[in-house]
Each structure stands twice: as C-alpha cells, then as structure tokens.
Amino acid sequence: MTETSNLETIAVIGGTGKEGKGLAFRWVKAGYPVIIGSRSTEKARAAVAELEERLSDEEKARLTGMENSDAVRKAQIAVLTVPYEFHKSILQSLKAELSGKYLIDVTVPLVPPKVSTVQVPPEGSAALQAQLLLGDSVSVISAFQNISFELLLSDEKINCDVLVCGKDGESRQVGLKLVKAAGLTGWDAGPLENSIVAEGFTSVLIRINKQAGTKSAGIQITNVPRD
Ligand SMILES: NC(=O)c1ccc[n+]([C@@H]2O[C@H](COP(=O)([O-])OP(=O)(O)OC[C@H]3O[C@@H](n4cnc5c(N)ncnc54)[C@H](OP(=O)(O)O)[C@@H]3O)[C@@H](O)[C@H]2O)c1
C-alpha cells in the first residue's frame, strides 16, 4: 500500500480540455487518484495517454479516463471544467451521480466575444447557479478561476493564489486542500456568494493579458502571513 492511497478519488468533468487536464496533471503528481471525464471514452483515454508521457509509472497507475457519468460515480470529489455555455446542461445530466459529493466548480461565466468584460449570471455566479441546480445534497466549492492552464501544465512552481468559496467551512477546507496539492496558495474567501469576485476577476486578467501580451496573469494576496 502506498503512503497516499487514502486520498480521495477526483473526477474531472471535461478533463480532456485545457484547464481540466492541467488540474488532473497537478493532482496526479501530488498522489491523488484522478479520473479524466469526457462525453467520449475514447477522448478521455487520449487525454490520459497525452499526460502519461509526462508521468512516472507510479503516477500513471493513478490516472484513468472514462465517460463523465462513470467518472463521477467512482469519485468522492468532482471538478467541473467545461465552457460556461454547457455549464447548466452538463450539471443537469450528472445531477444524480453528483448527489452526496463535493463539486469544485472552476467555470467562469464568460460570454464570447466579450470575454474581457465581467458577466454576472442571474443567480449571482456560476457556482451559485450550480448549487441551486444541484440542491443541498451536493457541496459546491468555487475555485481555480484565476489560474491559467499553461501554468498548471508546466513543471514550474506557480506564484498565484486561489480564492476558495463554499457553502460551509468544511467544503472550503476540501477546496483548500486541493489547492495546496496543486502547488498553489489558497485563501478561504467565504460563502459561495463571494465567488462572484473570483469568477469576475478572470475577465480582468484576460484584459491584462491582452494589454501585456502575456497568457498567465494571476492574483496574489499581500500583507498577510503566508504558509
Ligand atoms: N483555460 C484556462 O486557462 C482557464 C482558466 C481558468 C478557468 N477556466 C474555466 O475552465 C472551464 C474550462 O475551460 P477550458 O479552457 O479547459 O475549456 P475547453 O478546453 O474549451 O473545454 C473543456 C472541455 O469541455 C467539454 N465540452 C465541450 N463541449 C461540451 C458540451 N456541449 N457538453 C459538455 N462538455 C463539453 C469538452 O470535453 P469532452 O469533449 O471531452 O466532453 C472539453 O474538452 C471554463 O469554464 C473556463 O472559463 C479556464
């Protein structure tokens, strides 16, 4: 038995995409069993094969790929990384499988083409939308909206912070643990209502990236003790 075998299994819904693959890469390297979820089993397996090129044999053994619903069924923690236009439909289709689990919602409610202008969903944020749609049996956590996939997929240390929101302290602790495992500094940013700040800030970062000719602008909290 390995030292890390008691860690929760994480299913990344839409894990074949840029952000999902980046998070999967970081967590599998940190010792978590990770399942890449997709609408297509073949696509999930192709994403696994792509990441495997950068993993040790021990890490490879922790990474699998399957259809989204099977992935969520096998996991304790699900992570949602799909474009906002599919946020509601994918959550509706996985509602039964998500019941009783934690869901980390990474979705930014971007509405193309105005991606550098903050868009606020009627419920207040994408994470609040998810919590309302899924009901109390699911603990929605909001995190990672301000971390670009390029950073996650690199082998470098990431000098960015992550704001973690959730309906209660216990949910936020689950989010903070996975932020740390991904090699980032997390902050308890309070109730899910506050997720509007992290979601909205991504549009500001996209604007700053455009102006600076960069791809990975992020945020850092200053003048407080850091770990
Ligand atoms: N990219 C970043 O740097 C970044 C940073 C922070 C936050 N985010 C947020 O993370 C989320 C994912 O971003 P991304 O850049 O990774 O997106 P992406 O690569 O364009 O897409 C992610 C995945 O979404 C799935 N998908 C596409 N159409 C779908 C549909 N109709 N129904 C269900 N799933 C569908 C696809 O998986 P399958 O085809 O395999 O099902 C795809 O691989 C977005 O909400 C984004 O705002 C992204």
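Start with helix α7, where A126, A127, L128, Q129, A130, Q131, L133 and L134 are buried (under 20% relative accessible area, with exposed over 50% and partly exposed in between, using a 1.4 Å probe and protein chains only). Keep in mind that this is a predicted model, where local features need pLDDT of at least 70, side-chain atom pairs count only at pLDDT 80 or more, and totals for chains, interfaces and linings use all residues. Residues are numbered from 1 along each chain as its sequence is written, and side-chain values use heavy atoms, leaving out hydrogens and water.

**Helix α7**
- Eight of the nine residues in α7 (residues 126-134) are buried, so the rest of the structure largely encloses this helix.
- Helices (H or I, at least four residues) and strands (E, at least two) are DSSP runs, numbered from the N terminus.
- The buried residues of α7 pack against α5 (87-93), α6 (95-98), β5 (102-105), β6 (139-142) and α10 (195-212), with contact meaning heavy atoms within 4.5 Å.

**Aromatic rings**
- You'll find one aromatic pair in the structure (Phe, Tyr or Trp rings, taking the six-membered ring of Trp, with centres within 6.5 Å; planes under 30 degrees apart are stacked, over 60 edge-to-face, the rest tilted).
- The partners are W27 and F144, sitting edge-to-face at 5.6 Å centre to centre with 75° between the planes.
- W27 is in helix α1 (residues 18-29) and F144 is in the loop between β6 and α8 (149-152), so the pair ties together parts 117 residues apart in sequence.
- W27 counts as buried at 0% relative accessibility, and F144 counts as buried at 1%.
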